[in-house]
Amino acid sequence: MGSLEVYICQFAKLRRAPGSVWTATTKNQAPHKPLLLIALLDLIARGVVTSPFIDVREDLVELNELFTNYWRQVVPIRQTSSIAFPFSRLHNEPFWELVPVEALELDRKTINSINTVNQLRQVAIGGRIDKDLYALLQEEENRAVLRQALLESCFSDDAIKVLNEQAIIHAEAFSYNLDLLSKAHQPLVKEINALNNYRPASRNQGFRRAVVITYDHRCALCGVRIVTAEGHTVVDAAHIVPWSKTQNDDIRNGMALCKLCHWAFDEGMLGVSDSYAVITSSQIGVSPNAPGSLLTLSGRSIITPADQVLWPAQEYLHWHRRKYRLS
Ligand SMILES: [Zn+2]
């Protein structure tokens, strides 16, 4: 049985590797474990993690995104890390257990050899936190206290400020994402975002999440879908009418597009017809251009969201066709 006090103590005494690469920002020790734990607290608050078991296939992508956002706030740009690192090493803490794949004995050597999500998935099906801790984490007040214990023991005052700001962005982005999903089922309006004074970063993240999930990571124009083990996706959330023109983050003013199609769409080299087929500009193949596979998209149906209500709105596609004289 663990009480809140016990877990506060355990959170404040995480075993973190010292090293000359770590600065006073992270109190001269590795920041991986506390950053993973504050990302996990965000996911519990969102209702995404709904049991003490954190699945390395189901939950890791979203957890990694939040972990990486926090990481970027406190670690110099050239240093990167995989979430697999703390996810496995937390096994050394009293409240976390790495759950191995069937019939595998986890020893220290195996755990210490895990550096990528692929390696993690080969040896573990997930991580499990104490059920008493999980029960306590259902209360916002407890999450706040445990979060504070982590931050104060692991980070400088300046770092705590930026991590707290990032936590607000995570919460806002999630609520903006829900807002966009619900508004997409109502009649189109010109501007929908200025209402709640969301931070720009929250809007970007919320719009991106809504569009990328709506299209299940597939490029609407060419159909490419690639998600890495770490959860990095090939697609961006693109606006049809640019955000700078109408500040319109309606999902129906968006499409998930791969980097190449995003560029080609924004340049007017590709468009979408009134029957949802790809249009290629007559300029795309002008000598000495070599548009490769883009030309083969001409006339093909675009990949639309499963929910027809969320399909791109013709009035926005029309605006784009007219601007670039596509027909
Ligand atoms: Zn594409």
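Predicted model: local features only at pLDDT ≥ 70, side-chain atom pairs only at ≥ 80, totals over all residues.
Figure 1. Residue numbers start from 1 along each chain as its sequence is written. H12 itself spans residues 259-266; helices here are DSSP runs of H or I with at least four residues, strands are E runs of at least two, and both are numbered from the N terminus.

**Figure 2. Strand S4 pairs with S5 in the antiparallel sense.** Five bridges join S4 and S5; DSSP has to find at least two bridges for strands to count as paired. Look for Val-235 across from Cys-258 in S5. Four of the five residues in S4 are buried, which leaves this strand mostly covered.

**Figure 3. An open sheet is built from three strands, in the order S1-S3-S2.** The pairing in this sheet is antiparallel. S1 (53-55) and S2 (96-100) are the edge strands, each with a single partner, so one side of each has no neighbour in the sheet. From one strand to the next, the twist averages 25 degrees. S1 and S3 share three bridges, and Ile-54 sits opposite Gly-127 in S3. On the S2 side, five bridges link S2 to S3, which runs over residues 124-129, and here Glu-97 faces Arg-128 in S3.

**Figure 4. Leu-133 sits inside helix H7.** H7 covers residues 131-136. Is Leu-133 buried or exposed? Leu-133 counts as buried because 21 other C-beta atoms lie within 10 Å. Leaving out residues up to four places away in sequence, Leu-133 touches Gly-2, Tyr-7 and Phe-95; touching means that the C-beta atoms, placed from the backbone, lie within 7 Å. Ser-88 is another matter: 45 residues from Leu-133 along the chain, with 18 Å between the two C-alpha atoms.

**Figure 5. Helix H2 crosses helix H8 at roughly 165 degrees.** The two partners are H2 (residues 32-46) and H8 (residues 140-154), and their axes come within 10 Å. Those axes are lines fitted to C-alpha atoms over the stretch in contact, with angles from 0 to 180 degrees between N-to-C directions. H2 and H8 are therefore roughly antiparallel (over 145 degrees; under 35 is roughly parallel, 65 to 115 roughly perpendicular and the rest oblique). The crossing is left-handed, with the near helix turned anticlockwise from the far one by less than a right angle (clockwise would be right-handed). Pro-34, Leu-37, Ile-38, Leu-41, Ile-44 and Ala-45 of H2 meet Arg-143, Arg-147, Leu-150 and Cys-154 of H8. By type, this contact has eight nonpolar residues, no polar ones and two charged. Nonpolar covers Ala, Val, Leu, Ile, Met, Phe, Trp, Tyr, Cys and Pro, charged means Asp, Glu, Lys and Arg, and the others, Gly among them, are polar.

**Figure 6. H2 also meets helix H3 (residues 60-74), with the axes within 8 Å.** How do H2 and H3 lie relative to each other? Their axes cross at roughly 125 degrees, and H2 and H3 are therefore oblique. H2 passes H3 in a right-handed crossing. On the H2 side you'll find Leu-35, Leu-36, Ile-38, Ala-39, Leu-40, Asp-42 and Leu-43. H3 brings Glu-62, Leu-63, Leu-66, Phe-67, Tyr-70 and Trp-71 to the contact. The H2 contact with H3 takes in eleven nonpolar residues, no polar ones and two charged.

**Figure 7. Zooming out, the chain has 13 helices and seven strands.** Its C-alpha atoms fill a box of roughly 65 × 40 × 35 Å along the principal axes. Of the 327 residues, 39% are buried. Among contacts with a separation of 6 or more, 71% are between residues 24 or more positions apart.

Technical notes. Contact = placed C-beta atoms within 7 Å. Buried ≥ 20, exposed ≤ 12 C-beta atoms within 10 Å, placed from the backbone.
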